[in-house]
Amino acid sequence: MKRQIFAPEHDAFRATVRSFLDREVLPHYEQWEKDGIVSRDAWRAAGKQGLLGFAVPEEYGGGGTDDFRYSAVLAEEFTRAGAPGLALGLHNDIIGPYLTSLATDEQKRRWLPGFCDGSIITAIAMTEPGAGSDLQGIRTHAEDRGDHWVLNGSKTFISNGILADLVIVVAKTTPEGGARGLSLLVVERGMEGFERGRNLDKIGQKSQDTAELFFNDVKVPKANLLGDLDGAFVHLMTNLAQERLSIAVAAIAAAEHLLEITTEYVKEREAFGRPLATKQHIRFEVAEMATECAVTRTFLDRCIEDHAGGGLDAVHASMAKWWATELQKRVADRCLQLHGGYGYMSEYPVAKAFTDGRIQTIYGGTTEIMKEIIGRSLLG
């Protein structure tokens with residue numbers, strides 16, 4: 001089915017993204033995978049190309065548009081290229097809204113120009129060794145010392161954790177407040193007591209640095225409180241719909257791309273003297289995946305359109321996230337199986353997509369959490 005949601009300017013932007021990938025990402029990606037981290041030069045190049053800060057006002061060097069379709073194009077093309085390590089979506093779609101909607105004018109002047117030109121790489125630190133989706137379990141805390149906060153605690157599984165120059169940390173500022181006693185504090189590179197632990201060894205997305213972070217009596221200026229005091233819970237909930245939609249957009253793009261390369265593979269690969277594509281079982285497998293992808297794509301495009309118009313709610317974002325990521329997982333598994341032994345070889349794109357994509361049903365809220373949100377909305 002022909003997609004109806006993009007205008008000519010989005011198609012032109014897609015060509016720009018593909019050119020950027022060919023020039024600045026793909027020639028270096030294998031080395032980044034070995035290094036376990038991408039080059040900061042790639043972030044600078046992305047800023048120069050206009051791929052950072054779409055929604056940031058032009059006065060700070062951004063694109064000045066809140067049209068999410070540009071983010072969707074970026075996610076789709078990076079996914080098809082098999083290059084999730086350069087986490088522009090995390091920077092633009094997940095962290096960007098906190099800075100554009102919550103930062104004071106002084107904070108915007110301080111942080112947004114670097115956010116847009118790639119000289120300031122960002123991360124958000126929510127997850128802890130003993131607390132993931134359950135915000136009430138967060139133990140990282142900040143004590144009010146008059147003109148500054150003293151921050152103590154640790155975080156784990158933080159994407160961009162090694163490279164980040166600016167980390168939005170979720171911390172308790174009112175101990176007895178539970179999830180309603182959390183605030184967002186911005187910790188910057190070089191602050192005394194801010195330390196980075198291991199660059200964690202993952203099964204996939206090897207070039208995307210994921211780290212442990214430690215805060216030992218870090219003095220955070222009062223000027224680095226982002227949003228309202230004790231307002232983190234509301235701030236986090238407000239921005240989760242876009243985060244989950246971004247993950248879903250990448251998920252359906254991954255599933256569609258896997259289907260494309262597998263369809264070509266079974267046409268060429270022979271068994272018992274005939275192409276695999278002639279076998280009824282293979283045709284049924286491909287037919288099922290193609291149908292699931294087409295139905296999911298239709299729903300996702302509607303969600304993209306709704307979000308671009310400001311109308312996507314948390315429930316439908318949760319539906320999109322759990323369904324698309326679980327589809328991606330199923331398609332990756334089935335496509336690997338159809339590749340046979342070659343599918344298990346690391347040099348084949350299907351093998352890399354299998355391991356890179358496995359995290360999709362976990363981060364941004366697990367499938368189980370998504371179902372809980374949907375079920376609660378229907379049943380109270």
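Start with strand β1, residues 122–125: β1 pairs with β4 in the parallel sense, over four bridges. Pairing here means that DSSP finds at least two bridges between the strands. Strands (E, at least two residues) and helices (H or I, at least four) are DSSP runs, numbered from the N terminus. This is a predicted model: local features need pLDDT of at least 70, side-chain atom pairs count only at pLDDT 80 or more, and totals for chains, interfaces and linings use all residues. Residues are numbered from 1 along each chain as its sequence is written, and side-chain values use heavy atoms, with hydrogens and water left out.

The bridge partner of T122 in β4 is L166. β4 also pairs with β5, residues 182–188, this time antiparallel, over seven bridges. There, V170 stands opposite L184.

How many residues of β4 are buried? Seven of the seven, so β4 is largely enclosed by the rest of the structure. Buried means under 20% relative accessible area, with a 1.4 Å probe and protein chains only. L166, I168, V170 and K172 cover one side; V167, V169 and A171 the other.

Now the cores. A nonpolar core is a set of buried Ala, Val, Leu, Ile, Met, Phe, Trp, Tyr and Cys residues joined through side-chain atoms within 4.5 Å. The largest has 59 residues, and V25, F78, L86 and L88 have the most contacts inside it. Helix α6 supplies the largest share, eleven residues. A second, separate core of 29 residues includes I168 and L236.

Notes: Buried means under 20% relative accessible area, exposed over 50%, partly exposed in between (1.4 Å probe, protein chains only).
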